Amino acid sequence: MSPGPTRREAMAALLGAAILPALYTSRAAAQDAVISGTIHEVAIHSFAFDPAELTVAIGDAIRWSNADLSPRTASAEDGRCDTGPIEQSESCTFEVTEGMALSYQCLFHLQMRAKLLLVPV
Amino acid sequence: MLYLGCWPQHPLWPNPADLNDLQIAHAAYTADLIDIRYAHLALALSSNDTVRAFAKTMISDHEAVNAKALALLTKLGATPEDNFLSQSLNSGAEAKIAEQVALKRADSDRAYAANELAYHQAVNGLVNGAFIPIIENPEVKALFEEASVIFLQHEGHAEMMVAAVK
C-alpha cells in the first residue's frame, strides 16, 4: 500500500472511474491515466477480504470493493497507510509500492485481516 | 441495561413474538439508536483506545443499518409502529446511561464493555430467536438477516473488548 491519503487520492485519480465496475462508486475523478501493472480485485463481503491472500507485484494496484452494509477499511497493520472508510458499494484503489506493509486489516472490525504476497516484477 | 435476555414468558405478558413487522422494525431501529447513544457516551467518557475504537465502529455500523432500514421503509411506504418492546428498550437505556455517567472512568470502560457484550447477546437472541422467524415481508426479513451478521460480529468484538479492559 502507498503511504497516506495524498498518495491514495493521487492513485485513485490515476486509475480513474471509467475502469471501475459499474456497480461500485469510486472516489476517483480523472479518467485519462493508466497503470502499468495488473489491477487486482479484492471483494469485501460477510466481514472478510476475498481473497484473503493476494499475490501482487510492484506497480500493480489493488482495488477493494465493499459489498457489506457498513463501512470497512483496508489498513496496513504497521499503521502507515489505509484506505479510510469504504462505504457499501464503494471502491478504493491503492498502488503496490516498495516497502509497503504486507498485512492489513479493517480498522473497524479487527478480526478482518488479509495478506499480500509480493513477487518480483 | 437491556433485559431481553430474560424477557418474561408468562402467557399474559406481552411477548416479542407477537409483534408485527412494523413493530419489529420500530424495536430494531430503537435498539440501534440506543447502541449509538451508548457509543457517543463512551466517546465522551473514555480515553481508552480499545473502547473508543469499538464505540466508533458501533456508530458507523448501526447508522448504516438504520439508514438501510429507513430506505427500505420509505420504499415500502411503511411507518414503524411504537410498541411495548421499544418502550422497554428506551426505559432500560435511560437507566443504563444514568448509571454509566455516575461511574469513574476506569469503571465506566469496564461497564461499557460488559454492557455492550450483554446488549448484543440479548439483541442477537431476540433478532435470531424471535424476529427473523416471524417477519413476513421478505425484504424486511433479508435486511434483518444481513444485520444479524453484523450484530454477531459485534458480540465477538465486544468479548474482545471485555478482555482488554479488565
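**A close look at one helix**

Mentor: Let us take helix α2 of chain B, residues 49–76, whose 28 residues reach 41 Å from the first C-alpha to the last, close to the 40 Å expected at 1.5 Å a residue; the expected span is 1.5 Å times one less than the number of residues. The model is predicted, so local features need pLDDT of at least 70 and side-chain atom pairs count only at pLDDT 80 or more, whereas totals for chains, interfaces and linings use all residues. Residues are numbered from 1 along each chain as its sequence is written, while chains are lettered from A and ligands numbered from 1 in the order in which they are written. Helices (H or I, at least four residues) and strands (E, at least two) are DSSP runs, numbered from the N terminus.

The buried residues of α2(B) are Val51(B), Phe54(B), Ala55(B), Thr57(B), Met58(B), Asp61(B), His62(B) and Val65(B). Here a residue is buried if 20 or more other C-beta atoms lie within 10 Å of its own, exposed if 12 or fewer, and partly exposed in between, with C-beta atoms placed from the backbone. An α-helix has 3.6 residues a turn, so residues three or four places apart point the same way. The partners against which the buried residues of α2(B) pack are α1 (21–45), α4 (105–134) and α5 (138–164) of chain B.

Of these partners, α5(B) can be followed in detail. Two packed helices are described by the angle between their axes and the distance between the axes. The axes of α2(B) and α5(B) cross at roughly 175° and come within 11 Å, which makes α2(B) roughly antiparallel to α5(B). Axes are lines fitted to C-alpha atoms, for helices over the stretch in contact, and angles run from 0 to 180 degrees between N-to-C directions; those under 35 degrees count as roughly parallel, over 145 as roughly antiparallel, 65 to 115 as roughly perpendicular and the rest as oblique. On the α2(B) side, the contact is made by Thr50(B), Val51(B), Phe54(B), Met58(B), Asp61(B), Val65(B), Lys68(B), Ala69(B) and Leu72(B), and α5(B) answers with Glu139(B), Val140(B), Leu143(B), Ala147(B), Ile150(B), His154(B), His157(B), Met161(B) and Ala164(B). Two residues are in contact if their C-beta atoms, placed from the backbone, lie within 7 Å. By class, the residues of this contact of α2(B) with α5(B) divide into 12 nonpolar, three polar and three charged, where Ala, Val, Leu, Ile, Met, Phe, Trp, Tyr, Cys and Pro count as nonpolar, Asp, Glu, Lys and Arg as charged, and the others, Gly among them, as polar.

Two details complete the surroundings. Just after α2(B), Gly77(B) takes a positive phi of about 65°. In α1 of chain B lies Leu45(B), which counts as buried with 20 C-beta neighbours inside 10 Å. Leaving aside residues up to four places away in sequence, Leu45(B) touches Arg105(B) and Ser108(B); Leu45(B) and Ser108(B) are 63 residues apart in sequence, yet 7.5 Å apart in space, C-alpha to C-alpha.
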